[in-house]
Amino acid sequence: MTHPALILFLALFGLYSPVAALASYLPIVRPYEHRDVNRLALGLALNVAVFVLVALWVGEPLLKLLGISTAALTATGGIALAYAAIPLMRGQAGAVEELEKLQRQEEQREQGVATPPEPVADIKSILFTPLTFPLTVGGTTFAFCVAASAAAASMREKLTLSLAVVCFAALTGLTLYLSGHVKRRISLKGAMLLDRVAGILLTAIAVILLANGFTDLVTARLNQ
């Protein structure tokens, strides 16, 4: 349990929390067919792999070049996550919207009005935001990888860290893939309940990210 690569993977695993992440993915993947969910899962794994590998290998000099701190990334991730989570918590998105659409369609069918199928957003439009960032990775993930890279004593150790973060990326894709199976086996009322629970959890995570990010920003400013 003392190997740096294992420690990094467990840290990312705990930060990601696959069970909570799966619940947060459900409102997003619900409108999509099985093949589209598979494409989303593959795209998410690739995005996360690129993100964590960049953080691991060039994260520290990149942040210095851009003049961005990990604290700023964490706070930004909290704001973006809160923007997506609060409507879920209030019952104004996800399964609630789908239930309202079904009710409207049923009323229109009773009145003999044809209801054309509603367009579904292209998967590319949701793959990066909010699916990859901030639901899956964010400033804290980036900071973990930068810290682990800074502590690596040799190139071999850095390569093992790379393997660990690639395994983490595969885990995120698998979690999204499983969410596609769960959404087909859960009732609409159950999905509404999960939307609320996911919204509460994600809002709590957003508050933590905001608090940590702004606290670190203020602390860094005072130290200067």
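User: Let's start with Trp57: how exposed is that one?
Analyst: This is a predicted model, and in it Trp57 counts as partly exposed, with a relative accessible area of 32%.

User: And which helix is Trp57 in?
Analyst: Trp57 lies in helix α3.

User: Which elements give two or more residues to it?
Analyst: Those are α3 and α8. Helix α3 gives the most, with seven residues.

User: OK, stepping back. How many helices and strands are there in the protein?
Analyst: Nine helices and zero strands. Read from the N terminus, the order is simply α-α-α-α-α-α-α-α-α.

User: How much of the protein is buried?
Analyst: Of its 224 residues, 39% count as buried.

User: What share of the contacts is between residues 24 or more positions apart?
Analyst: Taking contacts with a separation of 6 or more, 89% are between residues 24 or more positions apart.

User: Switching to α6. Which of its residues are buried?
Analyst: Helix α6 covers residues 123-132, and its buried residues are Ile123, Ile126, Leu127, Leu131 and Thr132.

User: Why are they on the same side of α6?
Analyst: Because they cover an arc of only 135 degrees around the axis.

User: What do they pack against?
Analyst: Three helices: α2 (18-29), α3 (34-66) and α8 (155-184).

User: And what caps the N-terminal end of α6?
Analyst: Asp122 does, with a side-chain oxygen 3.0 Å from the backbone nitrogen of Lys124.

User: New topic: how many salt bridges does the count come to?
Analyst: One. Arg39 forms a salt bridge with Asp36, and their closest N and O atoms are 3.6 Å apart.

User: Why can side chains like that pair up?
Analyst: Side chains of opposite charge can pair when their charged atoms come close.

User: How far apart are Arg39 and Asp36 along helix α3?
Analyst: They're three residues apart, so about one helical turn separates them.

User: Are those two buried or partly exposed?
Analyst: One of each. Arg39 counts as partly exposed at 49% relative accessibility, while Asp36 counts as buried at 17%.

Definitions and conventions. Residues are numbered from 1 along each chain as its sequence is written. This is a predicted model: local features need pLDDT of at least 70, side-chain atom pairs count only at pLDDT 80 or more; totals for chains, interfaces and linings use all residues. Side-chain values use heavy atoms; hydrogens and water are left out. Buried means under 20% relative accessible area, exposed over 50%, partly exposed in between (1.4 Å probe, protein chains only). Helices (H or I, at least four residues) and strands (E, at least two) are DSSP runs, numbered from the N terminus. The arc is that of the directions from the helix axis to the C-beta atoms. Contact means heavy atoms within 4.5 Å. A polar contact is a pair of N or O atoms within 3.5 Å; within protein, one must be able to donate a hydrogen and the other to accept it, and residues adjacent in sequence count only if both atoms are side-chain atoms. A salt bridge is a side-chain nitrogen of Lys or Arg within 4 Å of a carboxyl oxygen of Asp or Glu.
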